[in-house]
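I opened the model to go through its charged contacts, its fold and its surface. My entries follow in the order I looked things up.

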Amino acid sequence: RSVSPIRSVGRLQHAAHDLEQLVDLVLADDERRRERDGIARDAERDSQFRERQRAFVRRKVDCAFLANR
């Protein structure tokens, strides 16, 4: 019985994924935790950016107010 090339590629990809999962298991490496940490880090950066943006706008408003006094 011969195996089609497409099926063979699928088996290789599946084996590669299984190997990756095994490495994660052995190294106690949690891919979901890494992704979750990345999302939290992005949210923190976004909030810091927004705070700097608000501070910038406040300074511009303060300068405009003082200039018109």
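**Entry 1: a pair in helix 2**

I started with aspartate 42 and arginine 45, whose side chains meet in a salt bridge at 3.2 Å, N to O. I note that this is a predicted model. I then checked the spacing along the chain. The two residues are 3 apart in helix 2, so about one helical turn separates aspartate 42 from arginine 45.

Next I looked up how open each partner is. Aspartate 42 has 45% relative accessibility and counts as partly exposed. Arginine 45 is also partly exposed, with a relative accessible area of 47%.

I keep the general point in mind: side chains of opposite charge can pair when their charged atoms come close.

I searched the whole structure for salt bridges and found 4. Glutamate 51 takes part in one with arginine 54, where the closest N and O atoms are 3.6 Å apart. Glutamate 51 and arginine 54 sit 3 residues apart in helix 2, so about one helical turn lies between them.

Glutamate 51 is partly exposed at 39% relative accessibility. Arginine 54 is partly exposed as well, its relative accessible area being 46%.

Which side chain meets glutamate 51 in a salt bridge of 3.2 Å, N to O? I found arginine 58 there. Arginine 58 has 44% relative accessibility, so I log it as partly exposed. Shared partners join Glu51, Arg54 and Arg58 into one salt-bridge network.

**Entry 2: the fold and its surface**

I stepped back to the whole chain. I count 2 helices and 0 strands. Helix 1 covers 5-26 and helix 2 covers 31-67, with a loop between them.

How much of the chain is buried? Buried residues make up 4% of its 69 residues. I put the accessible surface of the chain at about 6700 Å². Carbon and sulfur atoms account for 58% of that surface.

**Entry 3: a nonpolar patch**

I then looked for nonpolar side chains on the surface. Leu19, Leu22, Val23, Leu25, Val26 and Leu27 make a nonpolar patch of about 630 Å².

I followed up on one member, leucine 27. Leucine 27 lies in the loop between helix 1 and helix 2. Is leucine 27 exposed or buried? Its relative accessibility is 60%, and exposed means over 50%, so leucine 27 counts as exposed.

Note on methods: Residues numbered from 1 in each chain as written. Predicted model: local features only at pLDDT ≥ 70, side-chain atom pairs only at ≥ 80, totals over all residues. Heavy atoms only, no water. Patch = residues over 30% accessible without salt bridge, like charges linked within 9 Å, V, L, I, M, F, W, Y side chains within 5 Å. Areas by Shrake-Rupley, 256 points an atom, 1.4 Å probe, with all protein chains shown as cover. Helix = DSSP H or I, 4+ residues; strand = E, 2+ residues; numbered from the N terminus. Buried < 20%, exposed > 50% of the residue type's maximum accessible area, 1.4 Å probe, protein only.
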